[in-house]
Amino acid sequence: AVLVVGGAAVWFGAGASRPTPPPAGAASFDRPLRIPELAESIVRDGVRVFELEAGAGRTSFVPQGDTPTLGYDGAYLGPTLVAARGERVRVRVQNGLDVSTTVHWHGMHLPAAMDGGPHSPIPAGASWTPEWTIDQPAASLWYHPHLHGRTREQVDAGLAGMFLVTDDAEASLPLPRTYGVDDVPLIVQDRSFGADGGFAGGPGMQFDGALGDTILVNGTVTPHLAVSTERVRLRLLNGSSARMYDFVFADGREFSLIGTDGGLLAAPVRTTSVPLSPGERAEIVVELSPGEDAVLRSRAPDPALHAGAAAFDVLQLRAAASLAPSPELPETLVPLPAADDADAAAQRTFVMSGHSINERQMDLGRADFVTEVDTTEVWTVRNENPLPHSFHVHDTQFRVLTVDGGPPPRRLSGWKDTIALEWNREYRLLVTFEDYADPTTPYMYHCHLLWHEDQGMMGQFLVVEPGQQPDLRRPEGDTD
Ligand code: C2O
Ligand code: CU
Ligand code: CU
């Protein structure tokens, strides 16, 4: 079948030929899960300073050969940055690639000029040094390139990493937090490989972009994680460019969802599944019994979304014969302010259709709207296609007011920066841009299916002081 969206005909077939990971139960879990290293930093004049270098390398994923990859400070993915709320941070990013890139701090509240969007390209061989003060709750954020039109290519090649924010509220709770032991980041991606071991992106290309037939977790194929404690905290990031996941355990066990994109929930939510669209994160805590294996798997989120999708395995947790005790989870986590739209200064509507938002495509020289700093707005978002789209906003963490007029599910009750949009549902979001006004550099909002983003399913807005004149600058060298 050919579906015509936004004036472009795209293949939307029955899905029989789409790359699909081996069915649940088939994985060997013979490789130990790779844990991204913690990024080193030094504190100089009260500023925590990190260095990151984007570069090319080769990574061994599959028997047919090494894969040419990109990474930060290594061949694939990047180190995990950790910084505390209240700290001033500076990251010196060196571009060791032979093409331009950017580094965007996904989920971070920071000035637009530090955000690393398409207005901040770093030419090959050059460096860029953003600096800002961390001022947001403890959360699992991430970083990745955001080069205009080339985000998918660079993220898929391996440029992505986690950025963990800590704070006193989180530190005072009895949660697992020993990095790599009982507090483990899981960057979940799907990739396909060619006959020589190189990444193959093309064959799975459909409306949503390319799906892969091999699941990578932190760059590891068929991974297992040795667990030595009764409880383990998993920080799940859907780092794929198109695939939706619905994470469950093979035995259907319950676990606790404790956090979403922008921080902890008010209280743990007992559940058996967590769906994540590209860019979304979830923190879960799982209980294990001595000596058991528990398999994290994805069931098909919605057969209508990825035709032909079936359940597939992601990671095996291997519990040691004796486990160190972990404290019980607390009944409550952190206070969340009531999501209250009484003072909303503006209402905006975003209709996602084809590869456009409100029938417009990204133009680096156009501000799609201008908003005033420190005011609250209500955004109504709708996906008009019976196909996957999501909605991501830079600089802020929003709250979900309603889904189709009713209260959101509890898994959407906390801080979010990215939300999966089911077909024809109406999501009302409470959005605030605090602290930082800049009449020249915009922030982005977009679908986080990376191919859609690259195709122009993105817009940009300026945040200004009351009465300030917007003066959007097109980035140097941009001509379209
Ligand atoms: Cu994760 Cu605009 O990006
Ligand atoms: Cu972002
Ligand atoms: Cu989309």
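Me: Which residue ranges does the domain assignment of the protein chain give for its domains?
Reply: This is a predicted model, in which local features need pLDDT of at least 70, side-chain atom pairs count only at pLDDT 80 or more, and totals for chains, interfaces and linings use all residues. Residues are numbered from 1 along each chain as its sequence is written, while chains are lettered from A and ligands numbered from 1 in the order in which they are written. Domain bounds come from an automatic or database domain assignment. The ranges are 2–28 + 174–324 for domain 1, 33–171 for domain 2 and 346–464 for domain 3.

Me: Which strand gives the most to the side of domain 1 that touches domain 3?
Reply: In domain 1, 27 residues are in contact (C-beta atoms, placed from the backbone, within 7 Å) with 24 residues of domain 3. At least two residues of this side of domain 1 come from each of β20 (255–260), β21 (263–271) and β22 (274–276); strands (E, at least two residues) are DSSP runs, numbered from the N terminus. With five residues, the strand that gives the most is β21.

Me: Which strands stand at the edges of the open sheet of seven strands?
Reply: The order is β16-β15-β14-β18-β23-β20-β21, with mixed pairing; two strands pair if DSSP finds at least two bridges between them. Each edge strand has a single partner, so one of its sides is left without a neighbour in the sheet. The edge strands are β16 (220–221) and β21.

Me: Which residue of β15 stands opposite Gln189?
Reply: Strand β14 (residues 183–191) and strand β15 (residues 214–217) run antiparallel and are joined by four bridges. Opposite Gln189 stands Leu216.

Me: In which sense, parallel or antiparallel, do β26 and β27 pair?
Reply: Strand β26 (residues 346–353) pairs with strand β29 (residues 376–383) in the parallel sense over seven bridges. With β27 (residues 356–357), β26 forms a hairpin with two residues between them, and Gly354 in the turn has a positive phi of about 60°. Met352 stands opposite Ile357 in β27. Over two bridges, the sense of the β26 and β27 pairing is antiparallel.

Me: How many residues of the largest nonpolar core come from strand β25?
Reply: A nonpolar core is a set of buried Ala, Val, Leu, Ile, Met, Phe, Trp, Tyr and Cys residues joined through C-beta atoms within 7 Å, buried meaning that 20 or more other C-beta atoms, placed from the backbone, lie within 10 Å of a residue's own. The largest has 110 residues, and Leu186, Ile284 and Leu429 are among those with the most contacts inside it. Its largest share comes from β25 (residues 312–324), and the number is six.

Note on methods: Buried ≥ 20, exposed ≤ 12 C-beta atoms within 10 Å, placed from the backbone. Contact = placed C-beta atoms within 7 Å.
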